[in-house]
Amino acid sequence: MGTVNVIHVASRHKLTWYEKFYFYSIGKGLWITLKHFIKATILRGTVTIEFPEKRRKYSTRFRGMHTMKRDEQGRERCTSCFCCMWICPADAIYIEAAEVTPEIQHLHPEDKFAKKFEINLLRCIFCGLCEEACPKGAIYLDGPAEMAADNREDLILTKERMMQKVGGPIIGERI
């Protein structure tokens, strides 16, 4: 068993008059704030990046944004197996499956497809587990890396935004 040390009230440190009014602590905090302000404004210049004109440099380890690939015939590879949704540690992927009808059979190689496929970028941690879990190779993290948005709805990637164009790479525009 451990021992417990009890400090008697008589052995406590008595506060001085300037410590009682917290002038010392407030002054210390203001001094730290002033130092950071001077470093940011005078010594280094601005720390804000003007977004449309200047782009942020990403690490070489950044994987990129999510894209959905097509097969050689231009059909969607995603068969709605839910592997990526189940393995996602951040619970950022939502899939709604639907049966393939004869009218759309030429677009899908299997008997079901992802009617709704969404990735919430506000929850996503870009771990790449969805890419590793996909048995069909439908989802990759290799798209454009811009995450600037005006509202929360723009940070939810839909299947239409992620889908690779037929005959070319994904560009990242909204459909």
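Before you click, a word on burial: buried means under 20% relative accessible area, exposed means over 50%, and partly exposed is in between (1.4 Å probe, protein chains only). This is a predicted model, where local features need pLDDT of at least 70, side-chain atom pairs count only at pLDDT 80 or more, and totals for chains, interfaces and linings use all residues. Residues are numbered from 1 along each chain as its sequence is written, and side-chain values use heavy atoms, with hydrogens and water left out.

Select Cys78, Cys81, Cys84 and Cys134 to begin: an unreviewed UniProt entry lists them under "binding site". They are spread over 57 residues of sequence, yet they cluster in space, with a largest C-alpha distance of 10.4 Å. UniProt positions follow the numbering used here, feature names are shortened, and annotations may be inferred rather than shown by experiment.

Zoom in on Cys134, in the loop between α4 (129-133) and β4 (139-143). Cys134 counts as buried because its relative accessibility is 16%. Helices (H or I, at least four residues) and strands (E, at least two) are DSSP runs, numbered from the N terminus.

Hop to Cys81, which is partly exposed at 27%. Setting aside neighbours within four places in sequence, Cys81 is in contact (heavy atoms within 4.5 Å) with Trp86, Lys112 and Pro135.

Now pick Cys88, Cys124, Cys127 and Cys130, also listed by UniProt as "binding site" in an unreviewed entry. No two of their C-alpha atoms are more than 10.5 Å apart, so they gather at one spot. Finish on Cys124, buried at 15%, in the loop between β3 (112-120) and α4.
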